[in-house]
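Open your viewer and get ready to select a few residues. We will go from stop to stop, with a short note on what is there.

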Amino acid sequence: MSQKFIVVFVSVLFNGLQILAQRNLLQSGPMVGYSAMKEVGLWVQTTESATVYFIYFDKENPVQRFKTSSLITVKENAFVAQIIAEVQPSKKYQYELYINGKKINRPYPLEFQSQILWRWRAEPPSFKFAFGSCNYVNEIEVDRAGAPYGNDFQIYTSILNRKPDFMIWGGDNIYLREVDWDTRTGILHRNTHTRSFPGLQALLASVHHYAIWDDHDFGPNDADRSYTLKRNTLEAFKLFWMNPSYTFENEGITGSFVWGDAEFFLMDDRYFRSPNNSNFGEVAFFGEKQVQWLLDALKSSIATFKFVVCGGQIINTEPHHENYAKYQTERQRLLQAIQSENIPGVLFLTGDRHYTELSKMERAGSYPLYDFTVSPLTSGASGERYIDEKNQWRVPGTYFGNRNFCIFEISGKSKARVLKATVFDTHGKEIWTREISENELK
């Protein structure tokens, strides 16, 4: 064997080991967070402390490249990095991830977009987004015995194939287990384990993501404001999701964002919630402070469609499980205020129930209120269990008891915008579709 061959062999082996080492530093992501006109949130998690940054460029001008700030991931923050990319409006970008100065290649597109600057200049843009809830990634060692609770993970690819601009995760996104919810270590582990699922990575990398939580992200099943570690789960939520803002400092995940001519109000149905069936103190679902904020924000909003996103159902009249019907005083106040204040364009996006249905609440003297319940993504489905539930406002033909997701499309000219909602099964087969004109919501 010649000395030259040995040198070449050692060089190739060394370079191969370096590449493998860099790949092994990537725990999960990268993920694209919120989008605005001047910045985009980028997220990644490493396996150990490392220096990370992103290089990105306008797809129409790939020669001019931009670099984000560098950040060193640390164990105290689960080796998570949240980094802002400064952008210009109305652009589509490609990006690259670097860990310890080495580019990490991924076998799928790494892309993001800034929001379009359109007001006073053009018609509102058409766009579409995905919505779903109840996402369970199995961990056999700590799951209950029997058949795995999570399944049909091809749904992530089916969502990606529909090319949504963004996705809203409607709660129960990680399913804290018994071994998780009593320690910060367990809470961070569950978030890490779910986020690291291989089949999820391509969806994370090129679709913008927003999220709310429900009980299984917040704490134990049916958890309420008494949960001791709620500040730890709040910390973890803010580490693993990149929503653009939080309304109440260190209290819950309430927030909002705008996309095109739609506004989304991300509600917290856990942090301020009183125990189910409580008969003492403030009987709260959202709580007074959050309800007042929502009403103020809805009244001030100029959006064509105003989506109120909540983990539990709002319109269903059957007071089972944990929906809003069990909190009649607060529910009545909110719904009456929406009507008395003549707030147009309000719709609800909800989850939790492990089945999908559309509720349409008719109101004398005002437009109907719609509640799109979409559940589950990958956790256990209800099947036909609730098909006969006495929900007064269920739209016939919309009950679906298997795993699914919904794609919402908003299009049309100003003053005549149309919302189209289509429910798909895990393989991307259409189940049902409905269209709602903006003029129906006035």
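Start by selecting Phe-127, Phe-129, Phe-166, Tyr-210, Phe-257, Trp-259, Phe-264, Phe-305, Phe-307, Tyr-370, Phe-372 and Phe-408, which ring pairs link into a cluster. Rings of Phe, Tyr and Trp (its six-membered ring) pair if their centres lie within 6.5 Å; planes under 30 degrees apart count as stacked, over 60 as edge-to-face and the rest as tilted. By this rule the count comes to 46 aromatic pairs.

A word on what you are viewing: this is a predicted model, in which local features need pLDDT of at least 70 and side-chain atom pairs count only at pLDDT 80 or more, while totals for chains, interfaces and linings use all residues. Residues are numbered from 1 along each chain as its sequence is written, and side-chain values use heavy atoms, leaving out hydrogens and water.

Now pick a pair of rings. Tyr-271 and Phe-272 are edge-to-face, 5.5 Å centre to centre with 65 degrees between the planes. Tyr-271 is buried, with a relative accessible area of 3% (buried means under 20% relative accessible area, exposed over 50%, partly exposed in between, with a 1.4 Å probe and protein chains only). Phe-272 is buried too, at 14%.

Next, go to Phe-372 and Phe-408. Their ring centres are 5.1 Å apart and their planes are at 85 degrees, so this pair is edge-to-face. Phe-372 lies in strand E18 (residues 369-373) and Phe-408 in strand E19 (residues 404-411), so the pair ties together parts that are 36 residues apart in sequence. Strands (E, at least two residues) and helices (H or I, at least four) are DSSP runs, numbered from the N terminus. Phe-372 is buried, with a relative accessible area of 1%, and Phe-408 is buried at 0%.

Time for helices: select H3 (residues 184-195) and H6 (residues 230-240). They pack at an angle of about 30 degrees, with their axes 9 Å apart. Axes are lines fitted to C-alpha atoms, for helices over the stretch in contact, and angles run from 0 to 180 degrees between N-to-C directions. That makes H3 roughly parallel to H6 (angles under 35 degrees count as roughly parallel, over 145 as roughly antiparallel, 65 to 115 as roughly perpendicular and the rest as oblique).

Which residues does Leu-188 touch, not counting residues up to four places away in sequence? Select Leu-188 in helix H3 and look for Ala-78, Ala-236, Leu-239 and Phe-240; contact means heavy atoms within 4.5 Å. Leu-188 is buried, with a relative accessible area of 10%. The C-alpha atoms of Leu-188 and Thr-233 are separated by 8.3 Å, although these residues are 45 apart along the chain.

Then move to the backbone. A cis peptide bond joins Gly-29 and Pro-30, with omega about 5 degrees, and Pro-30 sits in strand E1 (residues 26-35). Another cis peptide bond joins Ser-375 and Pro-376, with omega about -5 degrees; Pro-376 is in the loop between E18 and E19.

Last stop: is Lys-415 buried or exposed? Find Lys-415 in the loop between E19 and strand E20 (418-425). At 63% relative accessibility, Lys-415 counts as exposed. Lys-415 has a positive phi of about 75 degrees although it is not a glycine.
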